[in-house]
Each structure stands twice: as structure tokens, then as C-alpha cells.
Amino acid sequence: MARLQYSDFLKQLYGTRVQKLNVNAGFTCPNRDGTLGRGGCTYCNNASFTPAFGRASSSITQQLLDAKRFYAEKYADIKYVAYFQSFTNTHAPVEKLRELYCEALAVDDIVGLVISTRPDCLDDDVLNLLQSINVKHKVIVEIGVETTHDRTLELINRCHSWQCAQDAINRVAQCGLTVGAHLILGLPGESEDDMMATVDAVGKLPVSTIKFHQLQVLRGTKLAQQWERGEVRIIDWTPQQYATMCKQLLQRLPERIIIERMVSTSPEFLLLHPKWKLKPAQFKKIFEKII
């Protein structure tokens with residue numbers, strides 16, 4: 001059986017063609033606000049993946065309406081899912097979460113939710129809420145796993161363990177929710193064998209989708225300071241070398257797992273390394289040429 005494309009997977013899940021619309025609900029993160037720690041993950045600059053129409057100063061409704069107008073010019077006859085992406089989107093009292101999620105679902109043509117979060121922010125109350133929403137509107141929970149190696153998780157200030165991530169994935173899946181995992185390739189000090197071990201371990205869990213993300217050094221992050229001072233070792237991949245690594249990793253994953261993304265992009269003014277200047281479609285062509 002060939003691996004499904006992510007767009008086809010979404011069409012199967014929602015019963016129609018859908019486009020994800022990013023929204024910024026104004027959340028923070030437990031290792032930024034002092035709940036678990038301060039400073040956040042060493043690599044994180046949230047501005048790198050927040051679109052112009054996803055500003056927390058606008059309401060959820062307004063952000064979705066703005067995003068719909070943007071995509072309506074490109075596509076006809078399409079529905080949408082609200083993608084709560086910025087920071088940790090289950091890090092709030094459950095009644096506040098209910099209010100925000102229901103506001104998104106009240107917008108015309110929004111047929112489901114994608115919730116990006118951390119493994120340590122999925123308690124029973126949150127899962128019960130998501131499970132109740134999932135009865136009528138399919139919910140995908142994207143969990144930031146990043147790596148299975150605790151030494152790396154500590155180094156990048158994730159403030160959770162691999163065991164925590166495993167437990168979260170299993171609990172979310174047991175609730176009948178669709179689970180996505182986010183993995184970063186090339187984290188400081190990790191070898192290619194380490195990355196293969198991560199993929200092998202995640203592939204054994206009830207994960208439906210995976211996002212790969214090459215490590216990017218972004219301005220305004222602790223990682224940028226560490227990298228500039230030579231305090232951390234980061235693999236200096238060419239696009240071809242990274243594509244080869246991705247191909248090797250995909251060969252290790254069960255075909256039931258859908259690959260949403262293999263490469264990430266950030267605004268050029270934020271990006272220090274690697275400066276590939278490649279759009280996802282350009283990277284895809286490189287990937288397809290790898291034997």
C-alpha cells in the first residue's frame with residue numbers, strides 16, 4: 001500500500017477537500033510563563049511561523065475570515081479547519097479552551113480543528129473536551145515530540161521527557177482523536193543514528209501523521225546565541241544531504257503514517273542557518289531525485 005498524501009488524508013478524514021487556516025489565540029507556553037520554566041525552547045521564535053492574518057490582536061473569528069478571503073482567491077468549493085498553531089494551544093483553563101474552539105467552529109465552512117500542543121498540556125479535562133468536540137467535528141492533536149532522547153530534550157529546554165510524550169500520544173489516541181507528531185531533525189549534538197532511533201520509536205506509537213522540521217537557527221533565540229558562540233554542534237546539511245536523510249527516515253516508518261511536511265521555511269530576516277532559500281516545492285523536487 002502506497003503512503004497517502006497529506007491532502008488526501010485530510011479529505012478522507014473530513015469527507016471533503018479542506019485547507020488549514022492558522023489562528024493565534026494568544027496562548028503562551030508552560031516553559032515560558034513559569035509553570036514549568038522560563039525562556040522557552042532554545043530554538044523557538046514563534047514569529048517564524050505566524051502568518052500575517054494570524055495575529056492575536058484580532059479575534060479568532062476575524063482571523064479566520066481574513067484567512068478564508070486569502071484562500072478563496074486560490075481555491076473554489078473548499079472547506080476549512082481551524083489550525084491553533086502558535087505556542088501551546090491547550091495551555092489554559094478548559095472553559096477558556098471551550099470558548100475559543102467553539103468560536104472557531106461557529107465560523108461558516110469551518111469543519112474541524114487542528115490543535116498544536118505539548119505532551120505535558122493534555123490533562124483529562126482537556127482530553128474530555130476534545131473528545132466531545134470530535135463527535136461532530138474531527139479534531140487532530142499535533143504533539144511536539146521533537147526527539148525521543150532525554151539528553152537532547154534537556155539541552156533544548158523542552159521541560160518534558162520522552163516518557164511524557166509517549167504517554168500523551170497513547171492517551172490522545174485512546175480518546176479516538178487523530179494524533180500528529182512533530183519531529184525536529186538535526187537538534188544539537190544528535191547524530192543521524194539518533195534521528196533514526198527517534199523515528200523508529202515514534203513509528204511504533206498510534207501516530208497518524210508526522211511533520212519533519214529541519215533545525216533552524218533563528219534570531220532572538222538562545223540557540224542563536226549558543227551557535228554563534230560555538231557552544232553547540234549543529235549538522236551543516238546541504239538540501240541534498242537533508243533530503244537523503246528524510247528519504248532514509250521515511251523508509252523506516254510504517255506506510256500507515258502520513259507525512260505532512262519534510263521541510264520548514266522561516267522569514268529570511270529571522271533565519272541565520274541553514275540559508276537554503278528553498279520553497280517546499282523546490283525541496284520536493286530535490287527529494288524526488290534522491291534514489
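**Exercises: helices and strands in a predicted model**

Helix α6 (residues 162-174) lies across β4 (139-146) and β5, at about 170° to β4. Helices (H or I, at least four residues) and strands (E, at least two) are DSSP runs, numbered from the N terminus. Axes are lines fitted to C-alpha atoms, for helices over the stretch in contact; angles run from 0 to 180 degrees between N-to-C directions.

This is a predicted model: local features need pLDDT of at least 70, side-chain atom pairs count only at pLDDT 80 or more, and totals for chains, interfaces and linings use all residues. Residues are numbered from 1 along each chain as its sequence is written, and side-chain values use heavy atoms, without hydrogens and water.

**Exercise 1.** Find the order of the strands in the open sheet and its edges.

*Solution.*
- Seven strands line up as β1-β2-β3-β4-β5-β6-β8, with parallel pairing.
- Strands pair if DSSP finds at least two bridges between them.
- β1 (18-23) and β8 (258-261) are the edge strands, since each pairs on one side only.

**Exercise 2.** Examine how β5 joins β6.

*Solution.*
- Six bridges link β5 (residues 178-185) to β6 (residues 209-214), and the two run parallel.
- Alanine 181 stands opposite isoleucine 210 in β6.

**Exercise 3.** Classify the packing of α3 with α4.

*Solution.*
- The axes of α3 (residues 94-105) and α4 (residues 124-134) come within 10 Å and cross at roughly 25°.
- Therefore α3 is roughly parallel to α4 (angles under 35 degrees count as roughly parallel).
- Contact (heavy atoms within 4.5 Å) involves residues including Leu97 and Tyr101 of α3 and Leu129 and Ile133 of α4.

Terms used:
Parallel < 35°, antiparallel > 145°, perpendicular 65-115°, else oblique.
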